[in-house]
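Open the model in your viewer and keep the selection tool at hand.

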Amino acid sequence: SSTNSLTSVIPGVTVTLKKADVADPEEATINLSKDTSSTVSKVKTFVTAFNEIMTLISENSKFDSDTYEGGVFFGDSVVQQIESQIGDMVFTQVEGLSTKYNNLAALGLSYGDDSKLELDDSVLTKALSEDSAAVAAVFKATGKGSNDSITYVSNTSKTVASGTSNY
């Protein structure tokens, strides 16, 4: 490397080499820790975006009985279906996850009195400390081949789990 920084040794970590001594090399210890607060912050950003989408749909689905005007989404069954599906995803188990952290509700997300999505930081923090890989799996598309020769790469909206039966 032309610099003393190594960026591809450990994913997400930059290692800066300070000095070298070929005759008498020194040992160094690298301590890494999870950045739980950053993860909680990103989930809060997700909650905010979720609430903004739901508010946009709600505000544009209203009917004004004084002016007899409806919002652009008023009576639109497709938008109503999207709203329902988005709302249901909080409590729906993610396909293929068998841990206790298998949906957003298990991570501390719930609906408040005002029908807005809320996050209980303490529940998410506990989940991250107990099983951060399971928490990550709730938020990302993952997959596993039926044998070691098949590698999961990505998915689309049409991708479905095949279950345990063969084709």
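A salt bridge here is a side-chain nitrogen of Lys or Arg within 4 Å of a carboxyl oxygen of Asp or Glu. This is a predicted model. It holds four salt bridges.

Select Lys-62 and Glu-59. They form a salt bridge, with the closest N and O atoms 3.1 Å apart. Lys-62 is partly exposed at 43% relative accessibility. Glu-59 is partly exposed too, at 45%.

Next, pick Lys-44 and Asp-121. Their closest N and O atoms are 2.9 Å apart, and they form a salt bridge. This pair links distant parts of the chain: Lys-44 sits in helix α1 and Asp-121 in helix α3, 77 residues apart. Lys-44 has a relative accessible area of 38%; Asp-121 has 29%.

Move to Glu-130 and Lys-100. This salt bridge has its closest N and O atoms 3.2 Å apart. Glu-130 is in helix α3 and Lys-100 in the loop between α2 (77-88) and β5 (109-111), so the pair ties together parts 30 residues apart in sequence. Lys-100 is exposed, at 57%, while Glu-130 is partly exposed, at 41%.

Now go inside. The largest nonpolar core has 20 residues. Which element gives the most to this core? Select α3: it contributes seven residues. The elements giving two or more are α1 (36-59), β6 (117-119) and α3 (121-139).

Finish on Leu-107, among the residues with the most contacts inside the core. Beyond its neighbours within four places in sequence, Leu-107 contacts residues including Tyr-101, Leu-119, Leu-124, Val-135 and Phe-139.

Definitions and conventions
Residues are numbered from 1 along each chain as its sequence is written. This is a predicted model: local features need pLDDT of at least 70, side-chain atom pairs count only at pLDDT 80 or more; totals for chains, interfaces and linings use all residues. Side-chain values use heavy atoms; hydrogens and water are left out. A nonpolar core is a set of buried Ala, Val, Leu, Ile, Met, Phe, Trp, Tyr and Cys residues joined through side-chain atoms within 4.5 Å. Buried means under 20% relative accessible area, exposed over 50%, partly exposed in between (1.4 Å probe, protein chains only). Helices (H or I, at least four residues) and strands (E, at least two) are DSSP runs, numbered from the N terminus. Contact means heavy atoms within 4.5 Å.
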